[in-house]
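Subject: Structure handover

Hello,

Here is the structure we talked about handing over. My notes on it follow below the entry.

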Amino acid sequence: MFQSTKQKNQIILYIVRSNLHRKLTDLCFELEKSGENMSTLDATRAELALAILFLNKAEARDKICRAIQYGSKYLSNGEPGTAQNVDKTTSLARKVFRLFKFVNDLHALISPTPQGTPFPIVALGKSKNALMSTFLFLDQFVWLQRTGIYKNKEGAELIGKVSLYCWMAGSTCTSLIEVAELGRLSASMKKIEKKLNNTDKYQNEEYLLKLKKANDRTLALVKAVMDLGVAAGLLQLAPNKLTPRVVGGLGFLSSLISCYQLLPSPPKTKTP
């Protein structure tokens, strides 16, 4: 039995979303299976289906807004004008997307880690979750001040700085985690190479899976380093080097990487 009507509605919403994702994925598969016989209309339907899967994610919409925000910061270079106005308004709008988002990292903080994970990586992961959850929680007070609900401007500025330091520290933890995981993947890939001897390693499924994970980890490391630079720039820790244009460029590229990471996976070929 369900405890409340709210819980019933949440389960129904989850089922509806799951069915939508499955139907769109099946549509992409059927259109892909038709191959060369696929018409222009069918190709458009397939592309729109993938776009719907992508845009249905709140995180994806947030990252698109983030790209607009930091792209505008790059164009404005801190100078007053239309680009700076777009930067400020988009920044405020994005904070609405992040309301109560700190719960995600809070849940990850108290969740068990996969067995076999080395303790240093576990400690870094939990530290990252705690720092990012604190950043997102404190960032809500910045939004409250900018909307006029929270009146203490000096207090909000101090909270904003603390939240940015948490983000910078969390990005540092993420960078260290990715470096450690890349080291583990490299070691396991070398073991596979030794087992294969002179066999083509690119024909081995296990090796290709490890290689894909390594590429994903490398991309995540690049993004984390960029986010670290953005946080340092917003805190004005190196104003001569991390100018508004540099911060905007780093944030824009980091946002594009985030959008790429959120793209739906291509449909897998179904065996008869």
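I start with helix H2, where the buried residues are Ala46, Ala49, Leu53 and Phe54. Viewed down the axis of H2, these buried residues fall within an arc of 140°, so they line one face of the helix. The face of H2 turned away from that buried side carries exposed residues, namely Thr40, Leu41, Glu47 and Leu48. H2 covers residues 40–55, and at 1.5 Å a residue its 16 residues should span 22 Å; the end C-alpha atoms are 22 Å apart, which agrees. Please keep in mind that this is a predicted model.

Ala51 also belongs to helix H2. With a relative accessibility of 30%, Ala51 counts as partly exposed. Its C-alpha lies 8.6 Å from that of Pro264, although Ala51 and Pro264 are 213 residues apart in sequence.

Overall architecture

The protein chain holds 9 helices and 0 strands. Read from the N terminus, its elements run α-α-α-α-α-α-α-α-α. Of the 272 residues in the protein chain, 35% are buried. Among contacts in the protein chain with a separation of 6 or more, 70% are between residues 24 or more positions apart.

Helix H4

H4 has 16 residues too, and from first C-alpha to last it reaches 23 Å, close to the 22 Å expected at 1.5 Å a residue. Its buried residues are Gln84, Asp87, Thr90, Ser91, Arg94 and Lys95. They cover an arc of only 145° around the axis, which puts them on the same side of H4. A general point about spacing applies here: an α-helix has 3.6 residues a turn, so residues three or four places apart point the same way. Thr82 and Thr89 are exposed on the other side of H4. What do the buried residues of H4 pack against? The partners are H3 and H6.

Salt bridges

A search of the whole structure gives 12 salt bridges.

Glu59 and Lys101 meet through their side chains in a salt bridge, at 2.7 Å from N to O. This pair links distant parts of the chain: Glu59 is in helix H3 (residues 58–76), while Lys101 is in the loop between helix H4 (82–97) and helix H5 (102–110), 42 residues apart. Glu59 is partly exposed, with a relative accessible area of 29%, whereas Lys101 counts as buried at 18% relative accessibility. The pair is also part of a network of salt bridges that links Glu59, Lys63 and Lys101.

Glu178 and Arg217 form a salt bridge between their side chains, with an N to O distance of 3.2 Å. Glu178 lies in helix H7 (residues 153–196) and Arg217 in helix H8 (residues 205–234), so this pair ties together parts that are 39 residues apart in sequence. Glu178 is buried, with a relative accessible area of 8%, and Arg217 is partly exposed, with a relative accessible area of 27%.

The side chains of Glu181 and Arg184 meet in a salt bridge at 3.3 Å, N to O. Both residues lie in helix H7, 3 residues apart, which is about one turn of the helix. Glu181 counts as buried at 12% relative accessibility, and Arg184 counts as partly exposed at 37%.

Lys126

Lys126 sits in helix H6 (residues 119–146). Which side chain of opposite charge is nearest to Lys126? That side chain is Asp105, and it is 9.8 Å away. A salt bridge needs a nitrogen within 4 Å of a carboxyl oxygen, and Lys126 is buried yet has no salt bridge. What the side chain of Lys126 does reach is the backbone oxygen of Leu109, at 3.0 Å. Not counting residues up to four places away in sequence, Lys126 touches Ala108, Leu109, Ile110, Ser111 and Thr113.

Regards

Key:
Residues are numbered from 1 along each chain as its sequence is written. This is a predicted model: local features need pLDDT of at least 70, side-chain atom pairs count only at pLDDT 80 or more; totals for chains, interfaces and linings use all residues. Side-chain values use heavy atoms; hydrogens and water are left out. Helices (H or I, at least four residues) and strands (E, at least two) are DSSP runs, numbered from the N terminus. Buried means under 20% relative accessible area, exposed over 50%, partly exposed in between (1.4 Å probe, protein chains only). Lys and Arg count as positive and Asp and Glu as negative; His and the chain ends are not counted. A polar contact is a pair of N or O atoms within 3.5 Å; within protein, one must be able to donate a hydrogen and the other to accept it, and residues adjacent in sequence count only if both atoms are side-chain atoms. Contact means heavy atoms within 4.5 Å. The expected span of a helix is 1.5 Å times one less than its number of residues. The arc is that of the directions from the helix axis to the C-beta atoms.
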